[in-house]
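Biologist: I would like to learn how to read a model like this one. Can we go through it feature by feature?

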Amino acid sequence: MTKDNSNQLDEQAPVKYWLSLDQWRKDPEFNKLVEKEFMSSPLQEEEGKGGWARREFLKLMGASIAMTSFGCVRRPAQMIVPYAKKPQDMVLGLPNYYASSFMDGHEGFGTLVVAREGRPIKIEGNAEHPLNRGGMSARAHAHILSLYDPERLTGPKRNLMNAKKSNHETVSVSYESLDKEIVEQLKRGGVALLLGPNTSPSTQTLLSDFSTSYGVKTYHWSPLTYEDISNSQKYCYGRELLPQWNFSKAKYIISVNCDFLGVHVSPTANARAFAARRKPDQGMNKLIVFESLMSLTGTNADERFRIKPQDELTVLMALVHELLTFAKPARYANEGALLKLASHFAQKASSLGLPKGLLSHLAQELWSARGNSLVVTGGSIKTENSLAAQVAANLLNSILENDGVTVEYEKASTSRNLTSHTDLQNLIDELNKNQIKTVIIHNCNPGYAASNSGFIEALKKAEMVVYSGDRMDETGVQSDYVVPDHHPLENWDDSEAISGVVTLQQPTIEPLYQTRSFQDSVLVWSKAGKNPSSRVKDATTWYDYLRAVWKARFFSQPAMMKKLDFEDFWVEVLHQGFLETKNTSKAQPSRSFNLSSLKYITEVVNAVATGSSQLLLYPTVGLRDGSLANVSWLQEFPDPVTKICWDNYLTVSPQDAVSAQLKEGDLVQLKAGEKNLEVPVHIQPGQADGVFGLAVGYGRTRAGKVANGVGKNAYDLMSWKKNSGVGSMAAQISKTGRCYDLACVQGHHSMEGRQIVVEATLAQYQKDPGANIHRHKMMTMWSELPYPNNKWGMVIDLNSCTGCGACVVACQSENNVPTVGKKYVLAGREMHWIRIDRYYVGSPADPAVVHQPIVCMHCDNAPCEAVCPVMATVHSDEGTNDMIYNRCVGTRYCSNNCPYKVRRFNWFNFVKPVEKPLNYAMNPEVTVRARGVMEKCTFCIHRIRSAKSQAKTQEKPLKDGDIKTACQQSCPADAIMFGDLNNPESQVRKLFDEKNSYALLEELNTKPAVRYRSKIRNANELKGEQGHSTHSSGEGQHS
Amino acid sequence: MMKRAPLIWGTKNYADITNDICELLEKVPGWKYFAGLLGAKTLFLVYILAQGVIVAYGMGMMGISHPVMWGTDIITFVFWIGIGHAGTLISAILYLFRQKWRTSIARTAEAMTVFAVMVAGTFPVLHVGRPWLAYWLLPYPNQRGPLWVNFRSPLLWDVFAVSTYATVSAVFWFIGMVPDLATIRDRATTVWRRRIYGALSLGWRGTARDWSHYEIVYMLLAGLSTPLVLSVHSIVSFDFAVSSLPGWHTTIFPPYFVAGAIFSGFGMVVTLMTMVRILVPKFKDYITLDHMEAMNKIIMATGLMVGYAYGSEFFIAWYSGSPYEGFVFMNRAFGPYWWAYWIMVSCNVFIPQLFWFKAARRSIPVMFVISIFVNIGMWFERFVIVVTSLHRDFLPSNWGMWHPTIWDLGAIAGSFGMFLFLFLIYIRVLPAISIAEVKPVLEVGREGGNHDKH
């Protein structure tokens, strides 16, 4: 055998690898064995015949199913690296709050910026800040969106201009080359700096350093200026300032064309102070308004009278006359010239069509409230005799001994906050005289808002124009260099809107783009100038500079030095957000009215009042000067008075509309001065006859996709001829015969005699707090729903609510509420979770106005809950009506059955068109809703949840006030109260049980968790019929 | 006793009837039929396009908005569901009451029911915001924990009512056809025809046993369908009546809706029957003027009931003393949608009054025009109920208008396309008149023809 093997070993063809000799030999027996060794299935043999047996088949099938499913691999896990070193004070998933400030024209207040994982998502009010105490404005909320505006500039740009300076093509440049060019140019002298309102002490210091380097002339201008007020202060009292009106001390307020609750200087602080004094139980104030247009202030008036803009002075001086003749104040009663002047106006006033004896009655009431009254006048836009009116108002306040009490000149905005059209006019003149070589523009947009002033033409005479703004806007395209500015949320700054309160602004995010703050630019340029100060030399960045200023200026004050070193002081101020540098309770040094200033009245006494219609430009609450126009939240923010969004329009009184045969939305040709503008008509109840109103802030051409082409630019009509920047002028309209759709979010403007907003006079309220509330005896077959732990509820005080709409945008920011655009607002598809209904009461010519915020009522017997077939909206055991978005299929039955119609439907995928990086402004706490589902106010359920978990982890009971809804938090008037109704000590429980609280549509027995407190008017009678009187013909109760 | 008018005209024997009815299924139709089919199919495609666009982009394509969140889809759904009622009434209730005149129109009326419910059924599914999740309205075992459908919601009752109705109507219709299908099977000349109709006829042999079972099943199903005539539209009316909206929240709705449904259903039957008579002239002997007159009488009677409901709504709105209720009804008649209200009243109450005249009742052109008016009027009735109640409710600030878009119009018009398309196919593939039921009403084999002595 061995031999055989060896023989074969030699003979056969080699098998390369072999296990045994048998294999090597290819022994047939062995081969058979091998085949059997790894027999694929014992069953195959068992059943014999080969082929696929049943079990084999099943096995193969199972295997193939398994194999095919191997094809579908799970998404590969991708590891992310967590923070190797977690940033301090940051817990993933929890927001951080940074104290900061918001500057908006002349208004400035403290804010808290909510940041999550390093990106700011919302701006809230700083509850500690003495100006707003947590109150916010719609604009302040909307400011967050401008940070993420996709149309911001991402780096410095140079305009490639041709000889005519008309080529607007831009190229990117580097900061080095830009700085080199600019510094060289600055060294040639003739530098002008055009700035908007600027209250920053540190920036002011920096600019003065800059000025010493280059010899800079500074001009302060903004489209909305209060130069008449500051000038009149100078003429009447000797110091140019913008006084702080203290509405919280004012018992009796007369406003003549002054919208202090809507737009005037500092409306948020005004609204807070005004509302604080409006409690009917605690000496409620009284507001008398004389006005031409219907302003937000006018809607809140106790008594309102319509006058033409040119009659402001007449009314004020007639009041002076009444006071002089009736009260005979010692200092003024014997001034012959004054008496003569006043009696002239008193005569004129008799032809104004005001109720007989009104002015003498007002004078008596004013006199009895002297020292606690306040007379304010003047819009944010200059009129022909607005300076004289301011002088008259100063005189009245002085006669009434209000000066120093309600008119606080010590706390005033200092001259830093002042802007004037005269400054711009001066700059234009100097440019035209070729005295200016370089213009640096920051924080104002004259290319847009001074379009009629000749500024753009004059600017072409400058050798170089540098613009520090955030986008290539109307001014940007006229500039040679655009240095992209930081967004305020990316930048350090400070502000002193009223003297004594310095607010810090800290960056809350790394700059998104290659931007550089204006101050950094100025610092860089100053360093290159001659003899830079040591402050400039020492500072590497604007941050260093700011701190140095603070160290020198505020920390050096003895009171501060005592306790801390500068770092501690700095951290404390940063934490608090502001610093009070003065003891404000100190009595103000007295000052007296300078009678020689009456010459400003005498100058216009003989001005012939034009017989034709007057056009009055006005800023709106939402867009104000137009600077935040590219923020969709503000464009879709319904005007508090007209409820129209996405447009400006010519407001016309109902009487004028009848005589000119105008309908709502008719397009008219407006002729004012030499300019023509085609604008749609809005018929505004309560507007004075013979007056047209047109809002500024619209008609942007280069603000961005949102704002471009929305409305018409009313600044084009502003007159710069006789007097610079005058916004009132004679105007005619002619019909074009065409129509235009105005997007109004409210369908009907009368309450139709229903009990919706209950009004009572103060006297009625004092007799019976529940006056005019018609109650229903409700019966039910069912037991009440149990709410074992908490029962959330809300009370909205209609008497405090001014209708400003801050809550609307607050909610939008908090709850990721989408904007839908004009087309869909027209179709009735706006998405606001909280809306403010505004009703007119009484005759259209002269109605009273009420505002009513409407949120989801979270009814105990919610009609929506019963009808949802898939239970996507259910009642919680805490009384909230919860919406389950991912369960909702979108039958929309709930909305149909909701008597308050607070539900909003996602008609399309509204999130899809949200452009990057706007999505960063979304609140991760709140679901972004898909198309086809319903949504509505949740009572900020996520806030309730997080407060409850926090209380639980801290093992503390939940306190009243721990949970605030977004709307409540932002309300400057504190009109909204939220809390636990099960807690007998809670504020909301107490207000809920107040006699003047009522449920909306109580008779439907929906048992809302939201109640309203009736609106009280401090007047003798109410306008129009009260809801209940037509409701049940005075039967009292019925069941 | 006076001799009753014969139900079938002409001197027909059983073979004639079979031939007349089956002929339609056995010949290639003429160009008129194809022209009609093409038109109907084109409209059907419009429907598919319109609904497709709406599903693709969202409900925002339609005219509905805040506060009118229901519009075309719900209006047209109720309209089609209502149409269906005449079929069930004719086939079930008239059967139970032994109204023999129903025999020659019952089949087609039932077919109309089935198709109308099919068309109607598409609307509530497609009107939801996320139609791909519409099956969540069905209470089926799921993995979503305690999440279940809401049995308090009238929309859920709708799901049950409509699905029950669709099932019962279809079964009833089909069972009634079995003997006829067997006849067609027996006459079939091709293999496939024999196979298809053979399968459909469920092995019918025509034995006495077959007939006995058939009669019992048919009667049971008739009994089962009868309450549906009343219940389905009552439940559809609950969608409105159970809500708290003035103009919807009305106790009169269930009977009012049922009367309206029968009214509109008979209107549609008359429309279709006049069309069938034109399309198939031979059927004039089966669907005689006597039949048409009987239906016209019902139209007039139900029209009066509907008119009574309109009046009593106004009375109750005033009598209740509810300002909201009162306002809604004044707003219906004299508000911005006054034209819709008066179209409704004219078409549903005034125009059918012409049927007081015998000449009008027996004139084919007159009844055709009136039946079209009835259809229009009943669509507007649902429009008035849905839109005018929603567009101005409690809080005036919410008031708004409803403006239809091109997609709304496409969905309305297209739904008629779907209906007509199905109907035209049906006439050619299924026996449009019940052979088995018509034969017994002939006088053949009866003495003196006193067949109606009961």
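Predicted model: local features only at pLDDT ≥ 70, side-chain atom pairs only at ≥ 80, totals over all residues.

Biologist: What span should the 12 residues of α16(A) have?

Modeller: The expected span of a helix is 1.5 Å times one less than its number of residues. For α16(A), residues 421-432, that gives 16 Å, and the end C-alpha atoms are 16 Å apart, which agrees.

Biologist: Which residues of α16(A) are buried, and what covers them?

Modeller: A residue is buried if 20 or more other C-beta atoms lie within 10 Å of its own, exposed if 12 or fewer, and partly exposed in between, with C-beta atoms placed from the backbone. In α16(A) the buried residues are His421(A), Asp423(A), Leu424(A), Gln425(A), Leu427(A), Ile428(A) and Leu431(A). Their cover includes the strands β6 (191-195) and β7 (216-220) and the helices α9 (227-237), α17 (446-449) and α18 (455-459) of chain A.

Biologist: How does α1 of chain B read in the same terms?

Modeller: Helix α1(B), residues 14-26, has 13 residues and reaches 18 Å from its first C-alpha to its last, close to the 18 Å expected. Ile17(B), Thr18(B), Asp20(B), Ile21(B) and Leu24(B) are buried there. Among the elements covering them are α5 (154-187), α14 (406-429) and α15 (435-438) of chain B.

Biologist: Now the strands. Which strands pair with β2(A)?

Modeller: Two strands pair if DSSP finds at least two bridges between them. β2(A), residues 107-116, pairs in the antiparallel sense with β1(A), residues 96-104, over nine bridges. It also pairs in the antiparallel sense with β3(A), residues 119-125, over six bridges. Tyr98(A) has Val113(A) of β2(A) as its bridge partner, and Thr111(A) stands opposite Gly125(A) in β3(A).

Biologist: What is in the turns?

Modeller: β1(A) and β2(A) form a hairpin with two residues between them, and Gly105(A) in the turn has a positive phi of about 60°. β2(A) and β3(A) also form a hairpin with two residues between them; there Glu117(A) has a positive phi of about 45°.

Biologist: Why is β2(A) described as largely enclosed by the rest of the structure?

Modeller: Eight of its 10 residues are buried, so β2(A) is largely enclosed.

Biologist: How many residues of chain A and chain B are in contact?

Modeller: Two residues are in contact if their C-beta atoms, placed from the backbone, lie within 7 Å. By that rule, 43 residues of chain A are in contact with 38 residues of chain B. On the chain A side, α30 (863-867), α31 (893-897) and β34 (904-905) each supply at least two residues. The largest share, four residues, comes from α31(A).

Biologist: What classes of residue make up that side of chain A?

Modeller: Ala, Val, Leu, Ile, Met, Phe, Trp, Tyr, Cys and Pro count as nonpolar, Asp, Glu, Lys and Arg as charged, and the others, Gly among them, as polar. The side of chain A that touches chain B has 20 nonpolar, 14 polar and nine charged residues.

Methods
Residues numbered from 1 in each chain as written. Chains lettered and ligands numbered in written order.
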